Amino acid sequence: MIKTRFEANFGLYDRMASIQREICGELCALLGGLMEREPACGYEIGAGTGFLTRLLMERYPRTDWVVNDLSPRAEEFISRFADPGRVAWLWGDAEKLWRDAGAAGSTSGEERGSGGAQAAGQDGVRQGGVFDLVASASTIQWFDDVPGFIGNCAQSLASGGVLALSTFGLENFIEIKRVNQQGLEYMGAQELRKVLKTSGLEILHLSEYTRKVWFGDPREVLHHIRATGVNSISRVRWTKRDFDAYSARYWELFGEDGQAGRQNGTDKQAGGPGGAERLDDGARRADQAADGPGGPGGRRVPLTYHPVLIVARKK
């Protein structure tokens, strides 16, 4: 079901997921300052329409890539800019690919490509110790076993290889959870820190912040969520009564006038001083108000994003 919903919204996602695109830019910029050499071989997990893929391929043009996504439709977007001689495609559930590889010594996903990239895809997922870079943006929050997944990433890295991740923290879509008592369960930054260290990874950077995007009414919030990813609000179709109750509750809890909606909040930052971790020194950006049409009487409602950015190295 998740695959079907993502595929249905690929075109909309590519045009409308501005927050996710911005996060990919931040993650790639971090890599530019923290990776000591250009990777010979990289593996991107959950590539989608290629926001991060394009940036990585532009930064590291001589790298062979294994590109994974749940849907083969990703190739339609990524092949527009990818060097076909340096890409192997590996379709399927990234968690399941590793589980099957561990159980049977072979992957269950659809794989094709040529040269070094295809060989790396086969060896990296099945045997480990191959990739110089494993990267994933806005994907792992969908996984069933994030600690197990990070452990598999660490195993697949060569010595000194780098893991670059973005995900979302505990306050992501907090409005939806409070209004509807539904949504994804996110891991906090401190819990992710423990998982990374337990997996034998040295944390080079771990930061988080929140950002509010403002909408004219709760209906626009729903449209935004559905256009930029799987609808995690409900597995069942809503009635008009369901929607009216959701809308009224959203206004009650979070409705603000247009002027109040433009006030900036306070940055949230992960981690602490010391060790090999690199953290942001001061306030970055949080609760920034995106301009948009107002609702009744100029009122607006927010939707909170809570990105977590991670760069870690295999010891």
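On a 1 Å grid over the protein atoms alone, a cavity is a set of points where a 1.4 Å probe fits but cannot get out, and its lining residues have an atom within 4 Å of a point. Grid points are joined across faces, edges and corners, and a volume is the space filled by probe spheres set on the points.

This report describes a predicted model, in which local features need pLDDT of at least 70 and side-chain atom pairs count only at pLDDT 80 or more, while totals for chains, interfaces and linings use all residues. Residues are numbered from 1 along each chain as its sequence is written, and side-chain values use heavy atoms, with hydrogens and water left out.

## Overall make-up

The protein has 12 helices and 11 strands. Of its 315 residues, 53% count as buried. Buried stands for under 20% relative accessible area, exposed for over 50%, and partly exposed for what lies in between (1.4 Å probe, protein chains only). Contact, in this report, is heavy atoms within 4.5 Å. Among contacts between residues at least 6 apart in sequence, 77% join residues at least 24 apart.

## Cavities

The structure contains 2 cavities of 30 Å³ or more.

## Salt bridges

A salt bridge is a side-chain nitrogen of Lys or Arg within 4 Å of a carboxyl oxygen of Asp or Glu. The structure holds 9 of them.

| E36 | R313 | 3.3 Å |

The salt bridge between E36 and R313 links distant parts of the chain: E36 is in the loop between α3 and β1 (41–44), R313 is in strand β11 (residues 307–314), and 277 residues separate them. E36 counts as exposed because its relative accessibility is 67%, whereas R313, at 19%, counts as buried.

K177 is partly exposed, with a relative accessible area of 26%.

D244 and K240 both belong to helix α12 (residues 240–254); they are 4 residues apart and therefore separated by about one helical turn. D244 is partly exposed, at 35% relative accessible area, while K240 counts as exposed at 64%. Elsewhere, salt bridges that share partners join E36, E202 and R313 into one network.

## Cysteines

A disulfide, here a pair of cysteine sulfur atoms within 2.5 Å, is a feature that the search looked for. The search of the whole structure finds 0 disulfides. For C28, the nearest cysteine sulfur is that of C24, 8.8 Å away. C28 counts as buried at 5% relative accessibility, and C153 counts as buried at 0%.

## Single residues

N68 lies in strand β2 (residues 64–69). Its relative accessibility is 2%, so N68 counts as buried. Leaving aside neighbours within four places in sequence, N68 is in contact with Y43, E44, I45, G46, A47, L90, W91, G92, A94 and L97. One of these, G92, is 24 residues from N68 in sequence, with 7.2 Å between the C-alpha atoms.

S138 is not a glycine, yet it has a positive phi of about 55 degrees. S138 sits in the loop between β5 (131–137) and α8 (146–156), and it is buried, with a relative accessible area of 12%. Q181, also a residue other than glycine, has a positive phi near 55 degrees. Q181 is found in the loop between α9 (174–180) and α10 (189–198), and at 61% relative accessibility it counts as exposed.

Notes
1 Å grid on protein atoms, 1.4 Å probe; cavity = no way out; pocket = protein on both sides within 12 Å on 5 of 7 lines; lining within 4 Å. Helix = DSSP H or I, 4+ residues; strand = E, 2+ residues; numbered from the N terminus.
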